[in-house]
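This briefing goes through one protein chain, topic by topic. Look over the sequence and the model before reading the points below.

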Amino acid sequence: MSEMTLGAAGACIGAAVWLLGGRNSGARRAQLLLAGGGAVGAGPPDWRQMTQALWRLRERMRAEWWALVAGLVLAVLGSSVLPVVAGAAGVPVLRRVRLAREARRARERRRDAVIALCGALAGEVRAGRQPGEALLRAARDSGGLGEAQAAVLAAARFGGDVPGALASAARQPGADGLSGLAACWRVAVDQGAGLAAGLDRLEGALRVERDQCADLRAQLAGARSTVVMLAGLPALGLLLGAAMGAEPLRVLLHTGAGIGCLAAGGVLEGLGMWWALRIVRGAEAA
């Protein structure tokens, strides 16, 4: 067990040195010397260097890898390999959470860009430009077409099927409003209706929908905070037990009853968080 503890400690130290120093640490030291930054090893780093090192560490490590770091620390403190296994198992779960959060932010940005595109296109049409030229100018300014922007711009420039290209672009997450833009374009071109008036109504409807979603997320923020707070109570209990000298890590990691309680508590904790977040996501989807 002592050899395993020493190995985990060595792994932590090696990872910290690699992350803080980096592969090009020798080159950076040479640059400091040539730039007159002082001799290497002349003294302990000041708080600015430490802050910069911590910032580089934060930029290099994704959020999910902190679970493995926490597992290594707990493995050293508790002299057990179980926290390392739990931390490694938490990496893919946290990665999935991070990717879902990034996808939601990208969806929101694309939705805002579509609203801006509708407003800009309406302004260009009122300025007297033809719909194709107006779409070219508005799309360059707003970027609301996303990955399908090249196809839509090509259709607008060379007289292609602009509504079809817009409908295809509407399949992107968060770009549902482009289907309404395609309908307005088709009605304006085929039946001679006013394109600017339809775009104004479409922009207003999209803004109302966005505001409703934002208001709903604000109302559910309290529920999310409660779930996170309740999920962190076991960790607080472990800290209180360690402060009182009860040695909770030794009991949980080195006794049969403690390992059983740890496994049951982990399963119940995961199920509770999954169920609570499922309720919140269901309310958002509705």
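Is Leu236 buried, exposed or partly exposed? Leu236 is partly exposed, with a relative accessible area of 45%; buried means under 20% relative accessible area, exposed over 50%, and partly exposed in between, with a 1.4 Å probe and protein chains only. The model is predicted, so local features need pLDDT of at least 70 and side-chain atom pairs count only at pLDDT 80 or more, while totals for chains, interfaces and linings use all residues. Residues are numbered from 1 along each chain as its sequence is written, and side-chain values use heavy atoms, leaving out hydrogens and water.

**The chain as a whole**
- The chain holds 13 helices and zero strands; helices (H or I, at least four residues) and strands (E, at least two) are DSSP runs, numbered from the N terminus.
- Of its 286 residues, 27% count as buried.
- Among contacts between residues at least 6 apart in sequence, 57% join residues at least 24 apart, where contact means heavy atoms within 4.5 Å.
- The accessible surface is about 17900 Å², and 63% of that belongs to carbon and sulfur atoms; such areas come from the Shrake-Rupley method with a 1.4 Å probe, and for residues only the protein chains shown count as cover.

**Helix α4**
- Helix α4 covers residues 65–78.
- The buried residues of α4 are Ala67, Gly71, Leu72, Ala75 and Gly78.
- Seen down the axis of α4, these buried residues fall within an arc of 145°, so they line one face of the helix; the arc is that of the directions from the helix axis to the C-beta atoms.
- An α-helix has 3.6 residues a turn, so residues three or four places apart point the same way.

**The nonpolar patch**
- Met229, Leu230, Leu233, Leu236, Leu239 and Leu240 make a nonpolar surface patch of about 610 Å².
- Patches are made of residues with over 30% relative accessible area and no salt bridge, with like charges joined within 9 Å and nonpolar side chains (Val, Leu, Ile, Met, Phe, Trp, Tyr) within 5 Å.
- A salt bridge is a side-chain nitrogen of Lys or Arg within 4 Å of a carboxyl oxygen of Asp or Glu.
- Helix α11 gives the most to the patch, with four residues, and Leu236 is placed in α11.

**Cys118**
- Cys118 lies in helix α5 (residues 82–126) and counts as buried at 0% relative accessibility.
- Leaving aside neighbours within four places in sequence, Cys118 is in contact with Leu199, Leu202, Glu203 and Leu206.

Definitions and conventions
The expected span of a helix is 1.5 Å times one less than its number of residues.
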